[in-house]
Amino acid sequence: MLTLENLRLQQDDFSLAADLVLPDGGVVAVLGPSGGGKSTLLAAIAGFLAPAAGRVLWNGVDLTPLPPARRPVSILFQDNNLFPHLTVAQNLALGLDPRGRVTAEQRDAMTEVLRLVGLSGLERRRPAALSGGQQSRAALARVLLSGRPLVLLDEPFSALGPGLRAEMLDLAASVLGGAGRCLLMVTHDPEDARRIASHVVVVEDGVAAAPQPTAALLADPPAGLRAYLGR
Amino acid sequence: MLWRAGGALRLAPADAGALWFTLWQALLSAALSVAAAIPVARALARRRFAGRGLLVTLLGAPFILPVIVAVLGLIAVFGRGGALNDALGLIGLGPLSIYGWHGVVLAHVFFNLPLATRLILQGWLSIPAERFRLAASLGAPVGRLLEWPMLRGVVPGAFAVIFLICLTSFAVALTLGGGPRATTVELAIYQAIRFDFDLGRAALLAAIQFGICAAAALAVQAVRLPDTMGGGFDRVVERWDGGGLSRGVDAVALSLAAGFLLLPLAMIAARGLPGLADLPPGIWAAALRSLLVALGATALTLVLALALVLRGGWIATLSGLLPLAASSLVMGTGLFVVLYPVVAPRDVALPVTALVNAAMALPFAARILGPAVAQAEAAHGRLADSLGLAGWTRLRWLLLPRLRRPLGFAAGLTAALSMGDLGVIALFAGDGQATLPLMMVRLMGAYRMEQAAGAALLLLSLSLALFWIFDRGGRADADA
């Protein structure tokens, strides 16, 4: 359960307030206009941006003072989710151990995860030798392998075509949602939210609103979101 | 160093002359270099021709060309028995001498014309193509509207940096200058130590030299300076002006510049090849010493530069700037004065040379590595943070692999600079410790020009080979 407690984020003259609780085991979409603060919200949860006020809690534990790597959080950005100079296997190994050392069991786990995302046999490839979809899968595989319960997706699939994007979203939802976990996904396409998200957090006008059930929200969007969606 | 200088605070009248000469030859050299560079840069900016890329590459070569090798090449062209005097003799004109102030200035222009051209060309290429299109559609004068404002921004910087480089001229003054009318402060320092053994005067002169260079270095910081380390010179902006007469002007500018730069190098190859068969004994030992010094300096520079760039802050900025103000010879003098009572200078000649060379190359290496580190952090820093890569693991998994190219380039530059450096070694070396450049000076001093040319060719080949190997090493397997 992720709690944002009276959180206030400040970047130059931009500010964002959030006071909300995300349900356990869900997939939550973050929706809103560009520049509204969606990525800022994720950066704060991941620990890249210190809040001006308030706390970030995971299952009641305060994450606010922890650096990114010490949080139970994995994050995928729009790009640069893999080190281009390392092989797929090396990239995955860094998800398990910052020194890149893996035990025999961990190596077996890597093989298993790669099979799950459909990349069996590509361990020795560098990212440049993978297609865009395969790169996304490899990054997902690392997130899976690291086993951190809270996963943040900052539009990592936005460069993919619609078919491939839907496929990656389904894969992410099936393996990263579930009991004791939470998947938080930034998108600007309501179809993405409809596809996999049980709830939606709307970020606009400097406020991240409490999560609403997806279907109900999209059927009757509030005024700001309605304008953004063009309806 | 200053403390040691105390008590001996009196300058010979000749020293005031050296100070005066240092200043005006640097002014004249910088002015001539920049003035000559403007038409060359303009021609390169607006003409497309076969060999343009090669010529631009060649403009980067003097940076890794050992000074002493270039001097020998210039002597071969402009010297008493050189190609130019042979030609003048045919039409009955008396021989010109390259020794003296005009030789010093000539050599400085040879070294800095390419640098000035690159700096000014960068300025030309920074004018957006759209502006030329707009000027053409309006029929507006390109020169007054676009080029003159650009030159006003770029030329002072180019002038200042070349003035600074010429202030610290030692090897050129040692070989082509000398005497009451062409002695630089650096040469005076060398003579005070080697011939008069007046350490107090040497230290005072070194302090003066540091003072004027520090002032000039501050001035350089104040002016805007384009970065010529990177690429981007292959762009030729589409232009609609410049037909007819200007085409001929450009052709003349390019031919003169290419001839001026290429002829001395060609002469070294031509004279050096026969000399290779007759190299003096001890040359291979000298080559080995040079190689060891160069490799030691390279390793040291890379470690220091990486540490500086990663640490950042004002200490990094300062230690990146200081070597610009303190020349190889000034640092060498300081070390000589400090070490002299403790150890015999000749016992530490090679380590000290490597150390000073490393310090000299440090600002360049830091300038090459800095942007690359910033880029790697910008692209992959957050991923590394989220994975908990810190300290050594961050260096190993993120930075070193991303820095391979700039590291290779910096290593190549350092090795080539160190290989060809003739500064501190001239102060410290005993008879059996000459590096290759010092060996060349000794051969030239003994008028064994044939052998000196052979040694020059060897030195040039080794410098270029070191640069090539390191630079290549950084590029290999760089598909990612």
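Helices here (H or I, at least four residues) and strands (E, at least two) are DSSP runs, numbered from the N terminus. This is a predicted model, where local features need pLDDT of at least 70, side-chain atom pairs count only at pLDDT 80 or more, and totals for chains, interfaces and linings use all residues. Residues are numbered from 1 along each chain as its sequence is written, while chains are lettered from A and ligands numbered from 1 in the order in which they are written.

**Exercise 1.** Work out how helix 20 of chain B and helix 21 of chain B are oriented to each other.

*Solution.* Start with the axes, which are lines fitted to C-alpha atoms over the stretch in contact, with angles from 0 to 180 degrees between N-to-C directions. Those of helix 20 (residues 436-445) and helix 21 (residues 449-475) of chain B come within 8 Å and cross at roughly 165°. Angles over 145 degrees count as roughly antiparallel, so that's the label for this pair.

Next, look at who touches whom (C-beta atoms, placed from the backbone, within 7 Å). Helix 20 of chain B brings residues including Leu436(B) and Met440(B), and helix 21 of chain B brings Gln451(B) and Leu458(B), among others.

**Exercise 2.** Find the strand partners of Ala18(A).

*Solution.* Strands pair if DSSP finds at least two bridges between them.

Now turn to strand 10 (residues 207-208) of chain A, which pairs with strand 2 of chain A in the parallel sense over two bridges. There, Ala18(A) has Ala208(A) as its bridge partner.

Notes. Parallel < 35°, antiparallel > 145°, perpendicular 65-115°, else oblique. Contact = placed C-beta atoms within 7 Å.
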